Amino acid sequence: MGQNSELEHNEKNKPGSGTRPESGAQTFKIVAREDFSDTTFLLEILHPMLARAARPGQFVIVMPSEVGERIPLTLADFDREAGTITLVIQATGKTTKDMQQNLAVGSSFFSVVGPMGAPSDIRDQRKVICVGGGLGVAPVFPQARAFKEKGAYVIGVVGFRSQSMAFWQAKFENVCDEFLICTDDGSAGLKGLVTEGIKLAIAKHSDIDEVVAIGPPIMMQACAETTRPHAIKTTVSLNPIMVDGTGMCGGCRVKVGDRMKFACVDGPDFDGHAVDFNDLVNRLHRFADEEKAAMAKWSETCRARV
Amino acid sequence: MAKKTIRTIPQERTPIPVQAPAKRARNFLEVSLGYRVEDALNESERCLMCPEAACTLGCPVAIDIPGFIQKIIEKDYRGAYDVIGQSNLLPAICGRVCPQEDQCEGVCPVGDTLEPVAIGRLERWIGDLAIEKGWATRPHIEPNGFRVGIVGSGPAGIACAADMAKAGCDVTIYEAFHKPGGVLRYGIPQFRLPDAVIDAEIDNLTKLGVRIECNTLVGRLFTIEQMIDELGYHTVFIGTGAGSPRFMDIPGEFLNGVLSANELLTRCNLMHAGEFPTYDTPLHLGRKVAVIGAGNTAMDAMRMSLRLGAEKVYCIYRRTKAESPARAEEIEHAEEEGVDFHWLTAPVEILGDENGNTRGMRCVRMELGEPDDSGRRRPVVIDGSEYDFDVDMVVFAIGTSANPIIGHTSKIALNERGFIGVDETLATSMAGVYAGGDIVTGGATVILAMGAGRKAARAMRDYLGIRDSAVVYGDADDHDDVALFGMRPTEKNFVRLQLT
C-alpha cells in the first residue's frame, strides 16, 4: 500500500507490540468547535487512530446518538500530531440541526467510524485546480494540501453564496499557489459561480492536469461540463445516501459510465465526465417525505422545549 | 429400561407453539414461541440414541446430539447445555437459524419412517433456558500470552473467538458497525432472532475474556498487515462476510424504490427504521413490494415488508419451490403470512414513473429445462410470456459477491471470484492469517460460518503451537496411563513447558 512511511508520521500514537491498540477507549470526544455561519459549523473530534489512518478524499460515518442515523461526512481535515479529525457540517435536516444545537466542546458522538472509501488519487499531477462549492470547500482542502506537499502547482477556486458564508480563506491561501474566491452576490472576490473561476484558470494555464471539484451535485456537474470541452480530467466526490459505508447495502449505488458503482467502496471519487448526475440527484431525494416529517416533528419538539 | 425402537417412541413430532399467522404478520415478536418443558421431554423421547450418531456427523460443528438429548431425558438441563457448549457457543441462535433439514435432522434415522427428531427445537430450548438461567460455559482458562485479532463479529468471528479464548489466547474482535453480531444483528430480523438472544450470546463471549471493539473498519482504520506488524497480533482471523449485494443489470435498477435486501434489512434490524421517527433512519416502504429471490434473506425481506405494513408482497423466483434455497420453515411461514409466490418468473425490467420512482415490473415466465452444472434444472424463458404488474418497491435478494475492502487494502491473495483464497486449513496466503465464512465461500449459512470459524481456530492453535491434549494424546478419560515426559494429558502442558 505504500502507506508505511506516512504511518511513522506520529510515533507516539504507534501502539508497540504487546500493548493494546488505543481504539479501546471509544469516546469520540469533540475537542473544538467553530461556527462559520448560522448553518455551517466545524467540529474537531479526538480519534488518534483515525487521524493517523486518514487520507485526503476519505469520509467517516457518524452517529450523534444511539437512535440517530448514520451520516457520511467527508473529512475536512486531520491532524496526526494532535490526533484529531475535522468535519464541517451544514445544518439542513433534522439530525444535522440537532447536532448544531447539542454538540458542544466536551460532548461526544455515539459513534464515529472510518476512514471509509478509497483515498484520492494523488500521484504526479503537476498542475491542478481544486474547486470547492459551499460546504464542499472543506473536503477539498486536504486534497489541495496533499497536492501541494507532492509539489504540484495548486490553484484553489472556492465558491460561496456571499462573504458571510465564507470560511478557511487563509487556510487555502497557505497551500495554494493561486487562490480565487467566487461569491454569488459579489460580496467577496469574483461575482459568479465557481465555473467562472475555472474558466479563468483554464484561460490562464494551458497545462492543467486535473480538476478536483467537490460540492453540491449540480455544482460538480457544472464543473464537469466546464472542463469537458478542454478534455481535462475532472474528479468529483460523490456523497449519496448511505447506510453502512462498507459496501454491504448497495444504497449508495451511482451510475458511472453506465456501470453500477458503490460510492462507499468504489469511490467516493469518480470521473466527473462519466457520472450520471441526474440519477444521483434523483436518488438523493428518495427520502424527501421522511426527511420532511422528521424535520416537522423535530421543530415541534423544539418549540415545546422553548 | 427396554431399548427404544422406532415403534416404541412417540410417533408424532412434537409441534412448536407459534403465533397465529394473521396476528404475527403485523407484529415484530418472534414467530415461533419455543418448546415448553413437557414438549422438550416428549420430543427427547423420540431420539433412538444411535451409537454411530448420524446427526452429529451431519452437524457442521459436530455437536454431541444424542449426548445432550440424553441429558434432557435425565432432566439434567444444565448438563445438556454443557454438552452443546463443548461444540457450539450459540445454541439459542443455531436452534433458530440452522437449516436442520439439510443437516442433523436430514440424516436422522427416525426420519426414514417418521418425522425426524426436532433437534433444532431442542437445541433452541436449551439455549433459551441457559439465557433465562444465566448459564454460561466458562471453562478454566490458562492464559498463554498469545494475542488473536478477529475481523468481523458475525458467526464465523464469534465461533473462532470462543475457541481461541478457551485455548487461553487474548482475543479482540473488531466490528465495523456500532453493535456486534454481524449478520445476526443487521440481517436476521427480530421476529426470527430477537436482539435479546444475540445480546445474551455475545455476553457469554465477553465472559470468556473476549474484547469486542465496534466502530472499527479493518482495512481502512488499520490493515491486516498492521494488525500483525504494529498491533502485535500473533494470528488473525478474517470473517467479514460476503456482503456486497448483487443486482441483475436490468433496466430500472437505479429507480427510487429499488433496493437490496441487505439495505432493507439493515435499515430495519440494525437501525430500527420500523420505529421511525423515534429512530432517525427512514425506510420508504412501498404498498406493493416485489422481492426477487427465494433464499432465507428473501424470505426475511418479504416478511419484514409485511410487518412494516405493505399491502401486498410478492416473491419472484425463476425456478420452483423445490429449488428454493430457503429453510423449509421460512417458506412455510411466509406462505402462511400471505406472501404471494410467483414461481418460474424472472424480472426483465423495473418500470419507473416520470419522478424516478418505481411503478411496476416487467417479468417473463420460465420453464425448467435440462439440469445445469449445479444439478438443478435450468430455467428457460417461455417466448412471448412477458407481462407487467404494479409494484412500488422492488427488493433484490439474489445473493452477494465479495466485499472488496480487505482485498483492496492487503496483499492477501484472492480467488478468481474475488473471495479470499484459503487452503484446506483455512490459511490465507499470508502467514498467520486465516479466513472463513462467507468471505471465503460466498453467501452461505450461519452454522457453516461458525463451522469455518472453529476450523480456522484449530489451524490457528496449530500455527501458534498450542497443543490440543485431546489430539496429541487421545481422549484423556480413556487412557489413564498415557503420560509423556512425565506430564499427564489433562494438564495444561503447553503452559508448563513454557514456564519450565
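**Entry 1: the model**

I am working from a predicted model. I kept that in mind for every contact below.

**Entry 2: domains of chain A**

Chain A is divided into domain 1, residues 10-118, and domain 2, residues 127-284. I then took the centres of the two domains over C-alpha atoms and found them 22 Å apart. Their contact draws 23 residues from domain 1 of chain A and 26 residues from domain 2 of chain A.

**Entry 3: area and polar links between the domains**

I checked the buried area next. Domain 1 and domain 2 of chain A bury about 1900 Å² between them. Carbon and sulfur atoms give 60% of that area.

I went on to the charged pairs. The rule finds 2 salt bridges across this domain interface. I looked at the salt bridge between A:K171 and A:D77, where the closest N and O atoms are 2.7 Å apart.

**Entry 4: the domain 1 side**

I asked which elements of domain 1 of chain A face domain 2. β2 (40-46), β3 (59-63), β4 (71-74), β5 (77-79) and β6 (84-90) of chain A each supply at least two residues to that side. β6(A) gives the most, with 4 residues. I sorted the side by class and got 13 nonpolar, 8 polar and 2 charged residues.

**Entry 5: chain A against chain B**

I moved on to the chain interface. The contact takes 64 residues from chain A and 57 residues from chain B. The two chains bury about 4900 Å² between them, with 55% of it on carbon and sulfur atoms.

I counted 3 salt bridges between chain A and chain B. One that I looked up pairs B:E230 with A:R52, and its closest N and O atoms are 3.4 Å apart.

**Entry 6: the chain A side**

I listed the elements of chain A that touch chain B. The helices that each supply at least two residues are α2 (48-53), α3 (94-102), α9 (277-284) and α10 (288-305) of chain A. The strands that do so are β7 (111-116), β14 (253-256) and β15 (259-262) of chain A. β7(A) gives the most to this side, with 6 residues. By class, I found 27 nonpolar, 21 polar and 16 charged residues on the side of chain A that touches chain B.

Methods
Residues numbered from 1 in each chain as written. Chains lettered and ligands numbered in written order. Predicted model: local features only at pLDDT ≥ 70, side-chain atom pairs only at ≥ 80, totals over all residues. Heavy atoms only, no water. Domains from an automatic or database assignment. Contact = heavy atoms within 4.5 Å. Buried area = accessible area lost by both parts, 1.4 Å probe. Salt bridge = Lys/Arg side-chain N within 4 Å of Asp/Glu carboxyl O. Nonpolar A, V, L, I, M, F, W, Y, C, P; charged D, E, K, R; others polar.
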